Amino acid sequence: MVARSFRNIMILILRDYNSLVSEKLKNSLQRLGKEVITLRQCDIANDVSVTFNMNKKEEYFKLLFHSEKISSEEIEGVLVEFDGFVPEHWMYMSERDAKYAATETTALWYSMLSSLKCPVINPPGSNQLSGAMPTISELYCKAQAYDIDVPGYSIIETGMVASQLLNEGVLASFVDMGENPYFEMELSEVLLKRYPTYFNQVRVRELPGNMFVGISAVGNQIFCTSIDGNRHGKKMKCSEIPEKILESLLKIHSSLNLIVAEYYFAIDTEGTWYLNSMTKNLSFDSLRVHDSDIIIALVNCII
Amino acid sequence: MIQISSLLLLIVLFRSMVLVCGVKYESPTRLLIEALQKEKADFLVLDQESLPDSVQMRWSLGKDGIGGMIKVGNDTVDIKDIRSVFLRFMDAEDMPAAKNDRALLTKTKSIIMSLYDLFDILPVNMVNRRRAMLSNFSKPYQAQLIKKADFSIPATIITNDPAEAKDFIDYNNREVIYKSISFERSIVQQITSEDLNRLNEVCLLPTQFQRKIDGFNVRVHVIGKKALATKIKSPAVDYRYSHIDDHNVELEPYELPESILNKCVKLTFNLGLSFAGIDLIFAQEQVYCLEVNTSPGYSYYELNTGQEISKLLALYLMEK
């Protein structure tokens with residue numbers, strides 16, 4: 001019996017432009033002699049032949065991109081940088097068909113990535129290819145469960161009622177839950193009176209403290225960056241962070257089933273740390289400040 | 001902590017409330033409301049079509065946990081008094097009244113999003129949690145989870161390579177169906193000679209092909225640890241659309257073998273659901289699971305068989 005030998009290939013799936021993380025990771029992997037293949041959304045939509053097999057025993061797929069043949073068994077790790085396909089890649093279809101094509105392709109890649117036994121950064125979750133992102137309420141609930149303070153957080157019946165907070169001098173941000181629940185703005189009379197925000201439910205979040213720290217988690221390694229008022233980052237020793245915060249944060253990170261994420265804290269004048277928000281990506285600041293260290297950690301997660 | 005002078009605060013007695021969220025006149029929601037009435041449950045309906053006019057809510061997450069009020073018309077419920085939630089909102093964009101009224105649309109969306117944010121973390125019986133309902137976004141992904149619950153799945157290929165598709169179809173002697181990959185509704189169809197002639201079109205978009213399983217369909221509605229099964233007799237490949245080909249459909253209650261019932265309950269639990277509609281095919285040699293509906297339109301089965309699915313659901317929501 002002859003053992004089959006496979007190439008070990010790293011696939012990078014990118015957005016439709018090159019990201020700093022993927023470029024740096026690709027260079028590092030190539031220096032280690034790894035074969036790196038980059039697939040962009042538009043490549044997958046138009047130039048990749050794909051076959052995904054599922055039966056009682058196994059799941060496997062094969063891809064053909066230009067003359068490159070890749071089978072799922074050969075893949076050593078994947079970096080995924082987008083959550084789903086957008087209809088714009090199927091320009092030759094009607095608007096409705098393009099939307100359908102994007103949904104179908106996302107569903108296919110979701111299942112293919114889920115079937116891989118190798119590291120996928122981040123593992124797909126909650127119908128997002130690059131990992132399940134918790135809502136603010138889920139994140140805060142989890143933080144409280146692990147004994148980390150969170151900013152005051154309320155859902156208020158209208159922008160009109162929320163404007164009362166201005167009289168009380170509350171420093172906060174808000175989102176209009178009907179317009180765009182992910183677009184956060186500073187609480188102000190002008191913005192709250194904007195029709196229809198004045199009548200819509202709004203989510204208000206206090207802004208505690210005036211010192212900020214970003215903690216990047218890459219696998220079980222962490223990298224800390226202090227962020228000043230002008231949002232410029234500076235390298236920070238992790239030993240400067242309270243042990244309890246770090247311990248709890250790693251527990252939160254692990255419970256979210258993410259390999260890479262960045263968590264943002266605000267610190268008030270009394271020294272209380274509040275978990276403010278998070279992203280699934282590494283920010284430009286942390287990449288700039290920690291440079292090769294953070295990429296080495298990423299390489300270690302993927303191979 | 002944020003504090004605002006009272007708008008919603010009313011004195012309410014301690015209650016143990018079931019919240020029903022959906023379109024009041026849509027059959028599954030309507031049947032549940034009737035069942036809750038029969039069981040004399042304390043419940044409140046958040047009818048999607050009247051959300052902007054009738055619902056006000058405020059809640060917050062603080063050191064003491066989740067607190068706040070939901071006001072529906074003249075009725076106010078303390079969030080701490082919510083016992084369970086039935087969640088079946090439709091996409092706000094699909095509401096007829098919201099089509100030409102942007103203010104109405106965004107107001108409705110804002111209430112639904114606020115409720116979702118709350119329901120994501122509210123520690124009560126939730127039928128079903130939003131995140132758990134996402135598994136059927138990708139059918140082949142859900143099939144991987146189905147396999148983990150020890151069910152068989154039909155051999156499947158998803159491809160945009162016409163040659164691969166043809167090989168699969170030939171290997172299975174043309175006993176092959178095709179259907180959508182995502183949650184987008186599609187009519188399941190068997191491959192015909194005409195389809196073979198246009199097989200080259202799969203290069204435009206990957207298509208899901210599956211070996212056709214001969215046997216009879218059974219829909220199992222699992223509610224908590226209980227289940228009601230319905231046998232479907234129809235010559236149609238997709239019995240939901242049998243009327244298109246003038247095929248008859250007969251539905252009747254079906255007694256599930258205990259081992260299959262246990263697998264269905266396990267699968268529902270594994271998917272993080274408390275209510276699921278599981279599609280099975282009983283073939284001669286084994287039982288295949290095709291799909292799990294995470295927000296099942298159970299009314300079709302109840303109205304055709306008299307099986308009291310809504311009653312079981314109501315009792316589950318009223319459980320202490």
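Biologist: Where is the place of A:Asn122 in chain A?

Modeller: This is a predicted model. In it, A:Asn122 sits in the loop between β7 (120–121) and α4 of chain A.

Biologist: What kind of peptide bond joins A:Ile121 and A:Asn122?

Modeller: The bond is cis, and its omega is about -15°. Such a bond deserves mention because most peptide bonds are trans. A cis bond also runs from A:Tyr195 to A:Pro196, where omega is near 5°. A:Pro196 belongs to the loop between α7 and β11 of chain A.

Biologist: Why does A:Tyr195 count as exposed?

Modeller: The relative accessibility of A:Tyr195 is 59%, and exposed means over 50%. A:Tyr195 therefore counts as exposed. Its place is in the loop between α7 (189–192) and β11 (202–206) of chain A.

Biologist: Which residues make the nonpolar surface patch of about 330 Å²?

Modeller: A:Met160, A:Tyr195 and A:Phe199 make that patch. Membership requires over 30% relative accessible area, and A:Tyr195 has 59%.

Biologist: Is B:Arg174 buried, partly exposed or exposed, and why?

Modeller: B:Arg174 has a relative accessibility of 41%. Buried means under 20% and exposed over 50%, with partly exposed in between; B:Arg174 therefore counts as partly exposed. B:Arg174 also has a positive phi, about 65°, although it is not a glycine. The residue lies in the loop between α5 (162–171) and β9 (176–179) of chain B.

Biologist: Why is B:Lys71 called partly exposed?

Modeller: Its relative accessible area is 22%, and buried would mean under 20%. B:Lys71 is therefore partly exposed. This lysine is found in strand β4 (residues 65–72) of chain B. B:Lys71 and B:Met57 are 14 residues apart in sequence, and their C-alpha atoms are 6.0 Å apart in space.

Biologist: How do you know that A:Asn220 is exposed?

Modeller: A:Asn220 has a relative accessible area of 68%, and the threshold for exposed is over 50%; the residue is therefore exposed. A:Asn220 is in the loop between β12 (211–218) and β13 (221–227) of chain A. Its C-alpha atom is separated by 21 Å from that of A:Leu129, 91 residues apart along the chain.

Biologist: How many cavities of 30 Å³ or more does a search of the whole structure find?

Modeller: The search finds two. The term cavity applies because a 1.4 Å probe fits there but cannot get out. About 100 Å³ of space lies in the largest cavity. Of the 15 residues lining the largest cavity, those closest to its centre are B:Lys139, B:Ala143, B:Gln208, B:Gln210 and B:Leu290. The greatest contribution to this lining is from α4(B), with five residues. By class, the lining of the largest cavity has eight nonpolar, four polar and three charged residues.

Biologist: What gives the most to the lining of the second largest cavity?

Modeller: Strand β6 (residues 82–88) of chain B does, with three residues. The second largest cavity holds about 60 Å³ of space. Its lining includes B:Phe86, B:Leu87 and B:Arg88, and divides into eight nonpolar, three polar and one charged.

Biologist: What is the volume of the second largest pocket?

Modeller: The volume is about 930 Å³. Of the 37 residues lining this pocket, the closest to its centre are A:Tyr110, A:Gly125, A:Ser126, A:Asn257 and B:Tyr141. The largest share of the pocket lining, five residues, comes from α4(B). The residues of the pocket lining divide into 17 nonpolar, eleven polar and nine charged. The term pocket rather than cavity is used because a pocket is an open set of points.

Conventions: Residues numbered from 1 in each chain as written. Chains lettered and ligands numbered in written order. Predicted model: local features only at pLDDT ≥ 70, side-chain atom pairs only at ≥ 80, totals over all residues. Heavy atoms only, no water. 1 Å grid on protein atoms, 1.4 Å probe; cavity = no way out; pocket = protein on both sides within 12 Å on 5 of 7 lines; lining within 4 Å. Points joined across faces, edges and corners; volume = space filled by probe spheres on them. Helix = DSSP H or I, 4+ residues; strand = E, 2+ residues; numbered from the N terminus. Nonpolar A, V, L, I, M, F, W, Y, C, P; charged D, E, K, R; others polar. Patch = residues over 30% accessible without salt bridge, like charges linked within 9 Å, V, L, I, M, F, W, Y side chains within 5 Å. Areas by Shrake-Rupley, 256 points an atom, 1.4 Å probe, with all protein chains shown as cover. Salt bridge = Lys/Arg side-chain N within 4 Å of Asp/Glu carboxyl O. Buried < 20%, exposed > 50% of the residue type's maximum accessible area, 1.4 Å probe, protein only.
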